[in-house]
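Take a look at the structure below.

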Amino acid sequence: MTTVIEARDIALAFGETPALRGASLSVQAGEVLAVMGPSGSGKSTLLHCLAGILVPDAGEVLFDGQRVDRMGEAQRSALRRDRFGFVFQFGQLVPELTAEENVALPLLLNGVRRGSALAQARPWFARLGLDGLERRRSGELSGGQAQRVALARGLVARPQVLFADEPTGALDSLTGEQVMELMVTSAREQGTTVILVTHEPRVASYADREAIVRDGQARTLSAGSVAP
Ligand SMILES: Nc1ncnc2c1ncn2[C@@H]1O[C@H](COP(=O)(O)OP(=O)(O)OP(=O)(O)O)[C@@H](O)[C@H]1O
C-alpha cells in the first residue's frame, strides 16, 4: 500500500482554542477513509490541514512525500486545484452558473477549453442520475440533486484525493445514502482516494477504514466496515 497523504503530530490553535493537539493520520492511495468523532473534536480542522487549506502551527503534512506545511499559499493553492477535489455539506455551487458549468469549473480553472470542459462534464449527469438537469441553476435543483452536481464537480478533474466534509449532512437519510454510494463507487472507479468527515455511522460504513478524532488527536481503527 502507498501512503498518499499523511499528518504527523500536527497541532493547530485558533487563538486560545486548541483544535488539534498532536494529530497523526496516514491515508493510503485509493482508500476511502471516514473521519469521525464528537462535535468540536477537530475533524474539519484536520481535513483542512491535510488539504493544504490551513497550515498547522507544528508537525508535518505530507502529500506524495512533499511537505505541504512548508509550501507557500500559491503552491498550496495550485496543489488544491490540480490534485484535490472537494465536496462540502452545502454543495456550494456557483448560483450564476448552470449545473454543467459548475461541474466543468475545476477543468476551466485548470485551463481546459470551455468546449472540452463541458464535454467532460456531461457524462457525469447520466452517471449520477442527473440527466436533463444540465442547464439548471442551483436554485432550480433539489438538495440531493445539487449535492450530486457538487460531487461531479469534485471528481471531474480525476483528483488524487477527494476531501468531503459532511457531504450528506444536509440531506435526508435515503438521499444521503444515494450520494454516498455514488461518491464511493465513482471514486473507486477512477482510483481517487476519499477522506470523508461525517457524524453518521451509516455514512462511515461506506468507508474502508475509520479514523476517530477526539480532543484534537486522531486514531485509526482497523478495516472491517467495508461498504455494503
Ligand atoms: N475558524 C475558527 N476560529 C476559531 N475557532 C475555531 C475555528 N474553526 C474551528 N474552531 C474551533 O476549533 C475546534 C475544532 O473545530 P472543528 O471544526 O475542527 O471540529 P469538528 O470536529 O469538525 O466539529 P463539528 O463536528 O461540530 O463540525 C472547536 O473548538 C472549534 O470551536
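Q: Does Glu 166 count as buried or exposed?
A: Glu 166 has 21 C-beta neighbours inside 10 Å. A residue is buried if 20 or more other C-beta atoms lie within 10 Å of its own, exposed if 12 or fewer, and partly exposed in between; C-beta atoms are placed from the backbone. Glu 166 therefore counts as buried.

Q: What kind of model is this?
A: Residues are numbered from 1 along each chain, as its sequence is written. Local features need pLDDT of at least 70, side-chain atom pairs count only at pLDDT 80 or more, and totals for chains, interfaces and linings use all residues; the model is predicted.

Q: What is the phi of Glu 166?
A: Glu 166 lies in the loop between strand S7 (161-165) and helix H7 (173-190). Helices (H or I, at least four residues) and strands (E, at least two) are DSSP runs, numbered from the N terminus. Most residues other than glycine have a negative phi. Glu 166 is not a glycine, yet its phi is positive, near 50 degrees.

Q: How many C-beta neighbours does Asp 215 have inside 10 Å?
A: Asp 215 also has a positive phi, about 50 degrees, although it is not a glycine. The loop that holds Asp 215 runs between strand S9 (209-214) and strand S10 (217-221). Asp 215 counts as partly exposed because its C-beta neighbours inside 10 Å number 14.

Q: Which residues does Leu 54 touch, not counting residues up to four places away in sequence?
A: Leu 54 sits in the loop between H1 and strand S4 (58-63). It counts as buried because it has 21 C-beta neighbours inside 10 Å. Contact means that two C-beta atoms, placed from the backbone, lie within 7 Å. Leaving out residues up to four places away, Leu 54 touches Leu 12, Thr 45, His 48 and Cys 49.

Q: Which elements do the buried residues of H3 pack against?
A: Eight of the eleven residues of H3 are buried, so the helix is largely enclosed by the rest of the structure. Among them are Ala 99, Val 103, Ala 104 and Leu 107. The buried residues pack against strand S6 (84-87), H4, helix H5 (123-127) and helix H6 (143-155).

Q: How are H3 and H4 oriented to each other?
A: Helix H3 (residues 99-109) and helix H4 (residues 114-121) pack at about 120 degrees, with axes 8 Å apart. Axes are lines fitted to C-alpha atoms, for helices over the stretch in contact, and angles run from 0 to 180 degrees between N-to-C directions. Angles under 35 degrees count as roughly parallel, over 145 as roughly antiparallel, 65 to 115 as roughly perpendicular and the rest as oblique. H3 and H4 are therefore oblique.

Q: Which residues of H6 make the contact with H3?
A: H3 and H6 pack at about 30 degrees, with their axes 7 Å apart. They are therefore roughly parallel. From H3 come Ala 99, Asn 102, Val 103, Leu 105 and Pro 106; from H6 come Val 149, Ala 152 and Arg 153.

Q: In what crossing does H6 pass H7?
A: H6 and H7 pack at about 15 degrees, with their axes 10 Å apart. That makes H6 roughly parallel to H7. A crossing is left-handed if the near helix is turned anticlockwise from the far one by less than a right angle, and right-handed if clockwise. The crossing in which H6 passes H7 is right-handed.
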